[in-house]
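Short notes under plain headings follow.

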Amino acid sequence: MKVGILIAASSLLPLLIGLLAVLMLWPTGPSGRADLALKSALGVGLGLGFTSGLYFLWLVVVGPSRGFVALEIAALVGLLAGLIYRRRQGPAAKLDVATSVPNARSVAERLLSVPFALISASAFVTFIAFLVSRPHGRWDARAIWNMRARFLFRGDEAWMDAFSGFMSWTHLDYPLLVPGAIARSWRLAGSDTTAIPALIALLFAFATVGLLVASLALLRSRSQGFLAGIVLLASQTFIWHGASQYADIPMGFFVLAALVCIVFSERVPSGAARLVFLAGLMAGLAAWTKNEGTLFALVLVASYLIVVARASGWKISLRRGGLLVAGIVPTALLLIGFKMWLAPGNDLLSSLELSSSMDKLIDPLRYGYVIRRFAAQLFDMGDWLLSAPVILGIYMVGAGGKVEAVDRPGIAAASLTLSLLLMGYFLVYVVTPHELTWHIDTSLYRLALHVWPSMLFVFFMLARTPEEAGVIKQS
Amino acid sequence: MIHSERTIKFNRTALAQASVALIILLALLSNGQLLVRAIEPHVRALGGPVDASSALDAVSRHEKRFEELRAVLSTHGVVGYVTDQQDGTGFTSQRGFDEYVMTQYILAPVIVINSREPQFVVGNFSETISGEPRPALQGFRLVRDFGDGVMLYARE
């Protein structure tokens, strides 16, 4: 009972910190369920990421103790005071979320809310059932993420043994957002119960769904949000890997969160600064989650600079790009410290040899093979009974596309970011020092989860809503 | 011309309607299929014989086997590892490697290395040979047999 209360308390603190931080940075706008869901979903990732980083810093500077909770409470109080001060200062920048569909509940929304509710409930039960069957998670969870968390928590003063060269097979250079978040909560609860990593996995998976649905509900229409949510929740790989406690789902969350913030930033007529900064924070946390997150942060900055420069010129692009980078910097510093002083070299980078890589780079057979595997993965995205991308393609042909002018730069930046990220993954496979088939077999389906929620976000931002397409006649 | 435009518009709307219906239908099927897969072991367990250990997943079963050993090991340090699922070149099966990883996960923060170099070596054997030090472990004495194929050796 006591452990249960401590688990609840230890989980609540990051969520509150995250929510308050989002409220601090988010412009004012229409309030409602979608708005609250959006901010709560963003808050889940931001809070868990922030407290994970803070706990790691505490371990390095002070050592293993519960004292870090005082810092978390101070952060909570500081954010609360800041929020009250901000409210007293008068209305902040206003978010323009006039959707293309009237706010009154449409027939399409009412009809789509039923399957969405059914599928949400079914996905939740499925997730819990998998967690109960495999409380320690599957391979990557126990070989990397949860095991590292055990070293950080159980190791006490010897927590740095987590990075002992004896265990090079566990990818010692992988960033620590997930292990840090787990170990922090274990420390606070005083027990390494499997309920904590399970809860964190659940939070990230359903925060991703909430973020996708709520952002589209605000930007396009609630029915569009439900449709996207249905597609994501029915993606078997998403639910299965989420319940397997893999870090690819949190990574996918942060990719989506950063891109959503970028798109919303274009909806703030009086300045996008805070949302661009928030996007940077999310991109930084992606880098604190997985090594691929560093690539994501880099391509996000590059894409954003290019797109804003084309739309508004280089001066504005550099100013806004600076805000994005400012958001990334805190986590980047943490990550650099971790990589320099604790983590050994990356197995991929340290095994790369220039001459061998050059040979691979000019080998057309490798390109052909990787292209075939990427195409197969794209066709099979989400692991539906029939190809989800094909069905979505049919929907796009039928419904047609429509992008609000104000959303074009954001959508362009998001699309360019995802394309560059996939190109980066592609090139890593081309030059991989590992056996190519094995490397792709064991990782491509997981990497797809980094981009799948964001691809759905971009797709449903581009497609007409069910109301606009006349899918369901309005009464 | 007007007729043709109307036909195209109608067809596109019908296509969009059909694809939304297909999305919902396939989503429900896909979701249902995964739900059945997820709850199937629980339903089977409900109808099966009551055996606490068989109801556990592989990691929890492995954890139970190593529970006593973990209690006697110090809270940090390095121990070796020996199993009957390896030969001179490495693990002879994927299961052998899986069990090594599970052992490391369970015994953390003690570091388990797949070697007989350290002072103490953890043995993970099939149940049948429990109690009999393997011939290959010459130079070691059996500190304790924890049962179920789990042993602790010390260098002599």
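Helix 10 of chain A covers residues 248-265 and has 18 residues. Its first and last C-alpha atoms are 26 Å apart, close to the 26 Å expected at 1.5 Å a residue. The expected span of a helix is 1.5 Å times one less than its number of residues. Helices (H or I, at least four residues) and strands (E, at least two) are DSSP runs, numbered from the N terminus. Of the 18 residues of helix 10 of chain A, 18 are buried, so this helix is largely enclosed by the rest of the structure. Buried means under 20% relative accessible area, exposed over 50%, and partly exposed in between, with a 1.4 Å probe and protein chains only.

The model is predicted: local features need pLDDT of at least 70, side-chain atom pairs count only at pLDDT 80 or more, and totals for chains, interfaces and linings use all residues. Residues are numbered from 1 along each chain as its sequence is written, chains are lettered from A and ligands numbered from 1 in the order in which they are written, and side-chain values use heavy atoms, with hydrogens and water left out.

Helix 11 of chain A (residues 273-289) has 17 residues and should span 24 Å at 1.5 Å a residue. Its end C-alpha atoms are 25 Å apart, which agrees.

## Cavities

The whole structure holds four cavities of 30 Å³ or more. A cavity is a set of points on a 1 Å grid over the protein atoms alone where a 1.4 Å probe fits but cannot get out; lining residues have an atom within 4 Å of a point. The largest cavity has about 80 Å³ of space. A volume is the space filled by probe spheres set on the points, with grid points joined across faces, edges and corners.

Which helices each supply at least two residues of the lining of the largest cavity? They are helix 6 (177-189) and helix 7 (195-219) of chain A. Helix 7 of chain A gives the largest share, four residues. The lining includes A:Asn146, A:Val178, A:Phe204, A:Gln245 and A:Pro250. By class, nine lining residues are nonpolar, two are polar and none is charged. Here Ala, Val, Leu, Ile, Met, Phe, Trp, Tyr, Cys and Pro count as nonpolar, Asp, Glu, Lys and Arg as charged, and the others, Gly among them, as polar.

## Single residues in chain A

A:Phe153 lies in helix 5 (residues 139-154) of chain A. A:Phe153 is buried, at 12% relative accessible area. Its C-alpha atom is 9.7 Å from that of A:Ser65, 88 residues apart along the chain.

A:Asp156 sits in the loop between helix 5 and helix 6 of chain A. Its phi is near 45 degrees, a positive value in a residue other than glycine. A:Asp156 is partly exposed, at 37%. A:Gly313 is in the loop between helix 12 (292-312) and helix 13 (314-341) of chain A. A:Gly313 is also partly exposed, at 25% relative accessibility.

## The sheet of chain B

Chain B has three helices and seven strands. Of its 156 residues, 38% are buried. Five strands form an open sheet in the order 4-1-5-7-6, with mixed pairing. Strand 4 (111-113) and strand 6 (140-147) of chain B stand at the edges with a single partner strand each, so one side of each has no neighbour in the sheet. Two strands pair if DSSP finds at least two bridges between them.

Strand 1 (residues 78-83) and strand 4 of chain B pair in the parallel sense over three bridges. B:Val79 has B:Val112 as its bridge partner. Strand 5 (residues 120-124) and strand 7 of chain B are antiparallel, over five bridges. There B:Asn124 stands opposite B:Val150. Strand 7 (residues 150-155) is mostly covered, with five of its six residues buried.

Six bridges join the antiparallel strands 6 and 7 of chain B. These strands form a hairpin with two residues between them. B:Asp148, in the turn, has a positive phi of about 60 degrees. At 36% relative accessibility, B:Asp148 is partly exposed.

The peptide bond from B:Ala108 to B:Pro109 is cis, with omega near 15 degrees. B:Pro109 lies in the loop between helix 3 (94-107) and strand 4 of chain B.

Note on methods. On a 1 Å grid over the protein atoms alone, a cavity is a set of points where a 1.4 Å probe fits but cannot get out, and a pocket is an open set with protein on both sides within 12 Å along at least five of seven lines; lining residues have an atom within 4 Å of a point.
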